[in-house]
Amino acid sequence: MFDRHQAGEQAVLVHIDFPQENAREDLSEFEMLVSSAGVTALNVVTGKRDTPHPKYFVGSGKAEEIRDAVNMFNANVILFNHALSPSQEKNLEALCECRVIDRTTLILDIFAQRARTHEGKLQVELAQLKHISSRLIRGWTHLERQKGGIGLRGPGETQLETDRRLLRERMQTIRQRLERVEKQRQQGRRARERAEIPTVSLVGYTNAGKSTLFNRITDAQVYAADQLFATLDPTVRRLHIEDVGPIILADTVGFIRHLPHDLVAAFKATLTETREAEIQLHVVDIADERRADNMAQVDSVLTEIGADDIEQLLVCNKIDKLDDVAPRIDRDEHGKPIRVWLSAQANLGIELLNQALSELLAVDVVDYTLKIPPVNGKWRGTFYQLHCIKDEQYDEHGNCLLRITLPEREWNKLLKAGKAELETFIQR
């Protein structure tokens, strides 16, 4: 039902400059989107306008120029770096005798290629159906008449009405499935809250290096590539931070300028980890000339989803692409970490990020030396699982002398579980 262009297709790109900031798009970013979709750009048609043309989006002369470029380069698709109305798409296709894909459809196509989990695929399909529901008329004019013939007479529903009804029913089914998935996620989040495990969420502009950093920190195998929207499905891993204990680190979908509103809504469940995190790690490609605009765009989306009031640590990534920039932590006037400079790809400064997280998530810790008799040796395994052992020795009687440092809440949790014998092991 949804037009998916296959890898290897040849395209003519169209980019128009508008004076209004809210209508302006970035050509280099659009070219990255096209490359990420697996499409070869043969030619770029550019121009300037004050406002979009109601019939072709571009002027009639520019539309003919696009048609000539399609014929000259033998392209089989036209990609616009703008959102087109259904009628504009239809008029351009009639003029150029070639498929026309706008920016929103292109992003949806990339999402469809990238989604891996059941939830991700459902979210993509819902966004696609919302987008295509207003475009059913295109190419379906032969079905606007009423059904007729043997076995088809009856309710008088046109094929177009049938398709719209089927779309509505399918969208409702997907929403119900997503609600069930969201309930499952909420149960997981409540379990983590009961265990008092803090959540840290990675946010940032697409292709800023979030997944590479996520893999570097957690030794996960999340798909990471130098392309836009390499990550769509939320990935969560448990991580141990010095003097804090276990935390949950969540990798999320990257943001982009003028992200279609339906996509933000469809990926609401994906971004929930961002809204409910204790800290957001805002990853920035510090070598990108547009980093300031990218950061502003991310903050805008965070505001839209209600996640703008969460504490944020800026992660200046890809410092290996800059000259004379070393890994470091920048602090405010109170000594609190506000920025970490590192390179996930080159494995530079990762330990500084862990240090900054340790400081920001720091809680009261206990530092005890325990004398554990041989018959209670199981406690040694328990403390190893908590990653809290600083030193281990044995005396002449076979007692295990453990020096442990762990969050006070973890210690109290052990005592509360009926393990009061722990207190008898403490060396005063």
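Predicted model: local features only at pLDDT ≥ 70, side-chain atom pairs only at ≥ 80, totals over all residues.
**Exercise 1. The protein as a whole**

Find how many helices and strands the protein has, and what share of its residues count as buried.

Solution. 
- Step 1: The protein contains 14 helices and 14 strands.
- Step 2: It has 428 residues, and 48% of them count as buried.
- Step 3: The accessible surface is about 21,100 Å², with 46% of that area belonging to carbon and sulfur atoms.
- Step 4: Among contacts with a separation of 6 or more, 69% are between residues 24 or more positions apart.

**Exercise 2. The surroundings of Leu202**

Decide whether Leu202 is buried or exposed, and list the residues it contacts beyond its neighbours within four places in sequence.

Solution. 
- Step 1: Locate the residue. Leu202 belongs to strand β5, which covers residues 199-204.
- Step 2: Check its accessibility. Leu202 has a relative accessible area of 0%; buried means under 20%, so Leu202 is buried.
- Step 3: List the contacts. Beyond neighbours within four places in sequence, Leu202 touches Lys210, Leu213, Phe214, Leu249, Ala250, Asp251, Thr252, Leu281 and Val283.
- Step 4: Take one of these partners. Asp251 is 49 residues from Leu202 in sequence, yet their C-alpha atoms are 5.2 Å apart.

**Exercise 3. Helix α7**

Explain why helix α7 (residues 210-218) is described as largely enclosed, and name elements that cover its buried residues.

Solution. 
- Step 1: Name the buried residues. In α7 they are Lys210, Ser211, Leu213, Phe214, Asn215, Ile217 and Thr218.
- Step 2: Compare with the length of the helix. Because 7 of the 9 residues of α7 are buried, the helix is largely enclosed by the rest of the structure.
- Step 3: Identify the cover. It includes strands β5, β6 (235-241), β7 (245-251), β8 (279-285) and β9 (311-317), together with helix α11 (350-360).
- Step 4: Look past the end of the helix. Asp219 follows α7 and has a positive phi, near 60°.

**Exercise 4. The largest cavity**

State how many cavities of 30 Å³ or more the structure has, and describe the lining of the largest cavity.

Solution. 
- Step 1: The search of the whole structure gives 3 cavities of 30 Å³ or more.
- Step 2: The largest cavity holds about 60 Å³ of space.
- Step 3: Its lining consists of His240, Glu242, Asp243, Val244, Gly245, Leu386, His387, Cys388, Lys390, Thr405, Leu406 and Pro407.
- Step 4: Sorted by type, the lining has 5 nonpolar, 4 polar and 3 charged residues.
- Step 5: Strand β14 (residues 400-407) gives the largest share of this lining, 3 residues.

**Exercise 5. Cysteines**

Solution.

Definitions and conventions
Residues numbered from 1 in each chain as written. Heavy atoms only, no water. 1 Å grid on protein atoms, 1.4 Å probe; cavity = no way out; pocket = protein on both sides within 12 Å on 5 of 7 lines; lining within 4 Å. Points joined across faces, edges and corners; volume = space filled by probe spheres on them. Helix = DSSP H or I, 4+ residues; strand = E, 2+ residues; numbered from the N terminus. Nonpolar A, V, L, I, M, F, W, Y, C, P; charged D, E, K, R; others polar. Buried < 20%, exposed > 50% of the residue type's maximum accessible area, 1.4 Å probe, protein only. Contact = heavy atoms within 4.5 Å. Areas by Shrake-Rupley, 256 points an atom, 1.4 Å probe, with all protein chains shown as cover.
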